[in-house]
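Visitor: I would like a close look at one part of this model, taken slowly and with the geometry spelled out. Please start from the aromatic side chains and go on to whatever surrounds them.

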Amino acid sequence: MENVRRIAPHDSAETDALTNAPPHDREAEELVAGVVMHSATAYTDCAQIINRDDFYVPAYRLIWDTVGGLVASGANPHPVLVRAEIEKAGRLTEVGGDGALINRLGVNTITAPMAPAFAERIAETARERRYDEHSTALKAAVLRKATGDELAEIVAAFQQAEQLRESTGHGPSHLTAALLDWDAFFVTDFGAIQLLPGKLMGPGQQITVVGDGKAGKSLFVQEWMWRMATGQPFLGDAPQPPVRVLYLDAENGQEQVQERFLSFGGGLGRMGELRYASFPPVRPLDTAGGGVDLLALAKATAAEVVVIDTVSRFISGPENDADTWLSLYRHTLLPLKRARIGSVRLDHFGKDRERGGRGSSAKTQDVDHVWELSSQGGGSLTLKRTHTRTGIGPDHFALLRQARRDGDNWAPGGTRHVLMTWEEEPTGLATVPGTVEHIIATLDAAGVPADAGNRIARQTLADRGVPGGNEKVAEAVRRRKARAATPAPDVSGERSGAPAQQRFPETFPGTHPRNAETAGQTFPGNVAETPGTPSVPPVPPSKGGNGEGTPETPDDDTPVCTVCATPLAGYRLDRGYDTHLGCDPTTGSHPNHPTDNAPAPEED
């Protein structure tokens, strides 16, 4: 066979103005077009090597497309059927007017096993033709005085297209593979498919975790992925076999990543199936090249779940432009979903929290679930599902973030997210500082009248060093007035966790003040929407203690907890207990060493 580069001027179908045809192999195209009209096997084998665009002659491309339609519908191809389909479409003139080309190619044919060799020849010359066209485009750009950046963009676009072609398969064989097999489809019980650890997503699903910069999204997802990759339980879920996870991080420095995983209990030999890419050099994921990069990395690590932290760091288009997110889905998320690889995207809230994640609403249209993570203060978190495609699994989690210090460092294995547990549902959050329930409990304990207004409530909270924003104080006042006719509940129970005097500073593992701080961070190592770290408002000293969370010095006659030596009060005292609920190791509502644990406060 011969690579035809120059043909006679009279063949107008394959000639340009200079009678110089681009690279192609007419004979190979004829033989492949002829054999696929007789054999579905020959078509599917060739479709693994070439696609319709690899045919240079339009008539052979039309035959290829027609055979592909027959194969996709389950029919065995034959030249007579091909001719009938082309005639039905009104395109018979494109194959010789009366179908003479189909008759000729159908007679002079090769065997099906020989077809892939000729398909490879077509693919080779098609590649030469694309490079020829690319060089022509560059020359044309030079002639019109294009800048160096414009020429670089032409080259980059061509390289991306070539890489995308290599990674996404050839021909409609990968399209026909998407057709459902009804017999297998309707005997599959999708409701019985086990959710991944934590029950936040199923295998192959795509979710978004949205939250404020201070909510601790990375910390939460990092622990979740580590426990998933090491086969450990998470959020009360039963242990499952380890899941292969690929984590892409463009937010957190390596020092912070190391400290956090050590605080979870990770380390040498304890990372399981977690593969972590720190500031990976992938191209933007809303481009073809970026999609190729990520899919190649996912396949190289055999990932079952891919995490993108944070998604805004991996795109090149404007966040408010719907096309950016449609391109992200087309180039990156769709190939992942097609490969049954799940994905978790971390995202920030916009200016209006009620509208969810920052940027265009198009970013939530392709995901299976949207989870919103919110901090309630004092280590208390809520995880709420606001959008769902399947409805499978819980819609809400009340969480407690716990951490333990060992001197200046975070203790190995001392940081975790656990489900909030309490003995009485209405009073559980009453022990968590920063919540509306805690404000109500404080006002009740101070003897503030149920009909007292906002001013009295704020003054009372300030006197006791209890945090509370204006909105939460107003909500607490409203609730107290609404229940003025009913007896006040017992709000003196202790929260599961560590004693009050072991409260931690406003940091998390990997966010020590000693870490280098860069512009645009809410805490060292994490980039946020606004520059600088917001200051922590001073807490007024308590009249009976030394600040937030510090108990008063007990009188000699005041019963104290035998574990933490702080005063006992409420139903624990009335019922004869000698410890707080959080200090009693038999309650099962906290880790095994309650005196060493305390809830870590919200991220700044």
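How many aromatic pairs does a search of the whole structure find?

Guide: The model is a predicted one. Searching the whole structure gives 11 aromatic pairs. One of them joins Phe220 and Trp224: the ring centres are 6.3 Å apart and the planes meet at 40 degrees, so this pair counts as tilted. The class follows from the cut-offs, because planes under 30 degrees apart would be stacked and those over 60 edge-to-face. Both residues belong to helix H10, which covers residues 217–229. Four residues separate Phe220 from Trp224, about one turn of the helix. Phe220 and Trp224 are both buried.

Other rings form a cluster. Trp226, Tyr247, Phe261, Phe264 and Tyr276 are linked by ring pairs.

In S6, Trp371 is the bridge partner of Val209. Strand S1 (residues 206–211) and S6 run parallel and are joined by five bridges. With strand S7 (residues 380–388), S6 pairs in the antiparallel sense, over eight bridges. There, Trp371 stands opposite Arg385 of S7. The hairpin formed by S6 and S7 has two residues between the strands, and Gly378 takes a positive phi near 65 degrees in it. Strand S6 spans residues 369–377, and eight of its nine residues are buried, so the rest of the structure largely encloses this strand.

The nonpolar cores come next. The largest has 37 residues, and Val32, Ile63, Trp64 and Val95 have the most contacts inside it. Elements giving two or more residues to this core are helices H1 (26–36), H2 (40–47), H3 (58–72), H4 (79–88), H5 (100–107) and H6 (115–143). Helix H3 gives the most, with eight residues. Leaving aside residues up to four places away in sequence, Ile63 touches Ala33, Met37, Val82, Val95, Ile102 and Leu105. A second, separate core has 33 residues, and Trp371 is among them, as are Leu235, Leu373 and Phe397.

Definitions and conventions. Residues numbered from 1 in each chain as written. Predicted model: local features only at pLDDT ≥ 70, side-chain atom pairs only at ≥ 80, totals over all residues. Heavy atoms only, no water. Phe/Tyr/Trp six-rings, centres within 6.5 Å; stacked < 30°, edge-to-face > 60°. Buried < 20%, exposed > 50% of the residue type's maximum accessible area, 1.4 Å probe, protein only. Pairing = 2+ DSSP bridges. Core = buried A, V, L, I, M, F, W, Y, C linked by side-chain atoms within 4.5 Å. Contact = heavy atoms within 4.5 Å.
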